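Trainee: I would like to learn how to read a structural model feature by feature, with the general idea before each case. Could we go through one together?

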Amino acid sequence: MSGLIRSAIAVAVLAVPVPRSEATTVERFVFDSLCERAETIAHVRCVSRSSYMDDGRREIVTRHRFTVISPVKGDPGDEVVLTLPGGTADGRRLHIPGIPEFGVDEEVVLFLTGPDRHGSPWPLGLGQGCYRILEAQDGHAQVRLQQGTTPLPAGALFKPALNRPTRPFNVPLQLFLHQIRLTIPEASDER
């Protein structure tokens, strides 16, 4: 009798519906392709961040608003708004590996797609399309590069030291923006 009860319990457990999950594969980009395929590229500063339950998407999303400091490709206007899955709302947290998060006052160079069906652009290649900006000791802005995480521009100045290929390294922001403009034939360095 106990074997019959165990079998019934096992069948009942297996019959419980499991939430459907979907897998996503993120394409790996080389720098030239990232520049070419991005609809918009801009140096921006995050001015606000808010997470909430989006009833239309039936998931937690985070809306980041950015002020455009310097457009590089396309016409981002004065502001860029990204609404991406993930965040904390109503006492619950949704974390999706690869989806970038930004802090208020953080500066980044974003390589963006066109708007999705909800009206929000996305960073191209998720984290690959987000280059973090740091302030160097001399006060000049630096872009954080890391082989295997962010695609590296061509040229010796953008290659990591041979003895530390996986550690992040920094390059001057203006040099990085100039390299993007050189990679995009129709872009002008006069912006």
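Predicted model: local features only at pLDDT ≥ 70, side-chain atom pairs only at ≥ 80, totals over all residues.

Trainee: How many helices and strands does the chain have, and in what order do the elements run?

Mentor: Helices (H or I, at least four residues) and strands (E, at least two) are DSSP runs, numbered from the N terminus. In this chain there are 3 helices and 9 strands, and from the N terminus on the order is α-α-β-β-β-β-β-β-β-β-β-α.

Trainee: What is the strand order in the open sheet, and which strands stand at the edges?

Mentor: Strands of a sheet pair through backbone hydrogen bonds, either parallel or antiparallel. Two strands are taken to pair if DSSP finds at least two bridges between them. Here an open sheet of 7 strands, with antiparallel pairing, has the order β3-β2-β1-β6-β7-β8-β9. The edges are β3 (79-85) and β9 (169-172), each with a single partner strand, so one side of each is left without a neighbour in the sheet. As one case of pairing, 7 bridges join β2 (residues 59-73) to β3 in an antiparallel manner, and V61 has P85 in β3 as its bridge partner.

Trainee: How should I read the aromatic pair of F111 and Y131?

Mentor: A pair of aromatic rings is described by the distance of the centres and the angle of the planes. Rings of Phe, Tyr and Trp (its six-membered ring) pair if their centres lie within 6.5 Å; planes under 30 degrees apart count as stacked, over 60 as edge-to-face and the rest as tilted. The whole structure holds 6 aromatic pairs. For F111 and Y131 the pair is tilted, at 5.4 Å centre to centre with 55° between the planes. F111 lies in strand β6 (residues 107-112) and Y131 in strand β7 (residues 130-135), so the pair ties together parts that are 20 residues apart in sequence.

Trainee: Are F111 and Y131 buried or exposed?

Mentor: Buried means under 20% relative accessible area, exposed over 50%, and partly exposed in between (1.4 Å probe, protein chains only). F111 is buried, at 0%, and Y131 is buried, also with a value of 0%. Y131 forms a further tilted pair with F176, at 4.8 Å centre to centre and 45° between the planes. Because F176 lies in helix α3 (residues 173-183) and Y131 in strand β7, this pair ties together parts that are 45 residues apart in sequence. Ring pairs link F31, F111, Y131 and F176 into a cluster.

Trainee: Which residues have a positive phi although they are not glycine?

Mentor: Most residues other than glycine have a negative phi, and most peptide bonds are trans. Cases with a positive phi include D105, at about 80°, and L126, at about 55°. D105 lies in the loop between β5 (92-94) and β6 and is exposed, with a relative accessible area of 55%. L126 is found in the loop between β6 and β7 and is buried, with a relative accessible area of 15%.

Terms used
Residues numbered from 1 in each chain as written. Heavy atoms only, no water.
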